[in-house]
Amino acid sequence: MALGAGDTIVALSSGRPPAAIAVVRTSGPRASALAQQVAGSLPPARQATLRRLIDPTDGNIIDDALVIRFAGPHSATGEDVVEYQCHGGRATVDALIAVLVRESGVRLAEPGEFTRRALANGRLDLTEAEGLADLLAAETDLQRRSAMVRAGGGLRVRLDRWREQLLSLSARAEVAIDYADEEDGSLDNDLSGALGDLSTEIRMLAESPRVEPLRDGIRVVLAGPPNAGKSSLLNALVQAERAIVTPIAGTTRDVIEVPVSISGIPFVLVDTAGLHESDDEVEAIGIARARQETSSADILLWLGAAEATPVHERLIVLLPKSDIPRDEASNHALPVSSHTGQGIPELSTKLVGLALKLLPRKDEIALVRRERDLLAEASDALARAASLTDPVLVAEELRVARTAIDRIAGRAGVEDLLDTLFGRFCLGK
Ligand SMILES: Nc1nc2c(ncn2[C@@H]2O[C@H](COP(=O)(O)OP(=O)(O)OP(=O)(O)O)[C@@H](O)[C@H]2O)c(=O)[nH]1
Ligand SMILES: [Mg+2]
């Protein structure tokens with residue numbers, strides 16, 4: 001947990017001054033008392049109230065501001081929250097914050113600390129907090145929409161429902177254990193069926209698209225032998241001279257990443273060293289990295305010979321330098337030329353087509369890897385439970401499934417994860 005969980009925290013929650021208006025947010029046990037001191041009296045809850053803000057030690061006027069109070073637990077953090085909408089000049093903001101933090105038990109907030117308290121007080125769960133972090137970082141419309149689904153509780157609702165179902169299934173298994181002596185002690189078929197159905201339902205969600213390609217960009221790796229024209233193609237796709245191009249084989253040695261948005265979809269184009277056997281130490285390292293990139297690519301562009309094409313789930317085989325006449329038929333490869341621009345629009349269209357399969361559709365949930373793994377874990381445990389007859393073992397598998405579901409929502413064993421997540425938040429959120 002963050003330092004001083006019982007402190008009242010203060011932060012500028014709006015953008016960096018100067019701005020027309022700044023929002024200074026306070027949350028914690030002293031928030032209301034502070035408002036009373038600075039704004040003269042306590043404003044009514046949930047009603048924007050114009051107040052003159054005064055430094056209580058010397059009576060100096062700080063600003064005229066709209067003050068909005070939310071009484072806990074019905075607030076964003078679950079604690080008493082007071083927001084001050086003051087003028088957005090740097091000196092005004094600084095003066096207000098200085099007066100607020102002068103009180104004992106009041107301090108500046110850590111990044112993400114408001115949200116962290118909301119999580120601690122059950123105002124949102126981990127999947128929503130993660131969605132919120134994505135929402136704040138969203139740069140494209142697709143990212144924004146996907147984050148909205150998560151931040152709005154798209155996953156939480158299902159997890160809550162599944163948790164209830166798991167509890168009632170556990171209760172049924174317990175009953176079977178209790179009656180084990182009297183009857184044959186095995187489970188009714190009905191329960192096995194219910195376990196199997198729930199396993200399938202959870203499995204289906206586990207197969208949802210991943211958040212990472214949407215958040216970080218879809219990794220398109222350009223690979224092939226030296227001099228194939230990989231760097232030139234990258235430059236042509238991003239319409240800028242980002243990678244060095246020379247007629248010398250082995251020009252690119254390191255991995256070069258260039259983020260680019262094509263039709264509003266975030267891609268990261270990855271240029272790599274030409275794949276071949278090399279005695280040069282530096283080049284050899286570059287080639288090893290290129291091989292790694294090839295295997296972790298979301299989409300692979302192959303600029304080499306057809307017979308040497310690597311195996312990849314989403315592969316586009318290209319025939320580079322198509323402006324140079326050559327004998328062999330191009331069969332399945334897409335002809336592209338970085339010099340004349342031939343095939344570049346078609347390649348972009350193909351990239352977008354493949355990318356759309358990797359991305360969540362409108363209003364579809366996307367999952368982070370952790371969530372997918374835990375959902376799969378829960379589904380597996382339920383599938384095992386469905387095939388068991390001993391109610392004691394079934395109850396144990398149900399417990400495994402419940403723990404996995406609880407961990408997704410952040411109800412169990414996630415402290416280390418919280419630090420990483422809240423490190424992504426900005427100050428004042
Ligand atoms: N005619 C023609 N030449 C090209 C084309 N694309 C690249 N070239 C030339 O081919 C040579 C190698 O191009 P690069 O883009 O550096 O090739 P690379 O695959 O990145 O090479 P390495 O980094 O050494 O592996 C350069 O001289 C380019 O000008 C093309 O579409 N048509
Ligand atoms: Mg190159």
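Biologist: Where is the place of Pro73?
Modeller: Bear in mind that this is a predicted model. Pro73 sits in the loop between strand E4 (61-70) and strand E5 (81-88).

Biologist: And the peptide bond from Gly72 to Pro73, cis or trans?
Modeller: That bond is cis, with omega near 0 degrees. The bond from Pro17 to Pro18 is also cis, again with omega near 0 degrees.

Biologist: Which loop holds Pro18?
Modeller: Pro18 is in the loop between strand E1 (8-12) and strand E2 (19-27).

Biologist: Is Ser231 buried or exposed?
Modeller: Buried, with a relative accessible area of 8%. Thr252 also counts as buried, because its relative accessibility is 10% and the cut-off for buried is under 20%.

Biologist: What about pockets? How much space lies in the largest pocket?
Modeller: The largest pocket holds about 370 Å³. Its lining consists of 28 residues, and those nearest the centre are Asn227, Ala228, Gly229, Lys230 and Ser232.

Biologist: How does the lining of the largest pocket divide into nonpolar, polar and charged?
Modeller: There are 12 nonpolar, 13 polar and 3 charged residues in that lining.

Biologist: Back to Asn227. What is its phi?
Modeller: Phi of Asn227 is near 70 degrees, which is a positive value in a residue other than glycine. Asn227 is in the loop between strand E7 (218-223) and H9. Its relative accessible area is 34%, so Asn227 is classed as partly exposed.

Biologist: Which loop is the place of Arg46?
Modeller: Arg46 is in the loop between helix H1 (31-39) and strand E3 (49-54). Arg46 is not a glycine either, yet has a positive phi of about 55 degrees. With a relative accessible area of 55%, Arg46 is exposed.

Biologist: Which residues line the largest cavity?
Modeller: The lining is made up of Leu142, Arg145, Ser146, Pro360, Arg361, Lys362, Asp363 and Glu364. By class, that gives 2 nonpolar, 1 polar and 5 charged residues.

Biologist: Last topic, Arg314. Where is it found?
Modeller: Arg314 is in the loop between strand E10 (299-302) and strand E11 (315-319).

Biologist: Is Arg314 buried or exposed?
Modeller: Arg314 counts as buried, because its relative accessibility is 19% and buried means under 20%.

Biologist: What lies 2.8 Å from a polar atom of the Arg314 side chain?
Modeller: The backbone oxygen of Asp298 does.

Biologist: And which residues does Arg314 touch, not counting those up to four places away in sequence?
Modeller: Arg314 touches Asp298, Ile299, Leu300, Leu354 and Leu358.

Key. Residues numbered from 1 in each chain as written. Chains lettered and ligands numbered in written order. Predicted model: local features only at pLDDT ≥ 70, side-chain atom pairs only at ≥ 80, totals over all residues. Heavy atoms only, no water. 1 Å grid on protein atoms, 1.4 Å probe; cavity = no way out; pocket = protein on both sides within 12 Å on 5 of 7 lines; lining within 4 Å. Points joined across faces, edges and corners; volume = space filled by probe spheres on them. Nonpolar A, V, L, I, M, F, W, Y, C, P; charged D, E, K, R; others polar. Buried < 20%, exposed > 50% of the residue type's maximum accessible area, 1.4 Å probe, protein only. Helix = DSSP H or I, 4+ residues; strand = E, 2+ residues; numbered from the N terminus. Polar contact = N/O pair within 3.5 Å; in protein donor to acceptor, adjacent residues only side chain to side chain. Contact = heavy atoms within 4.5 Å.
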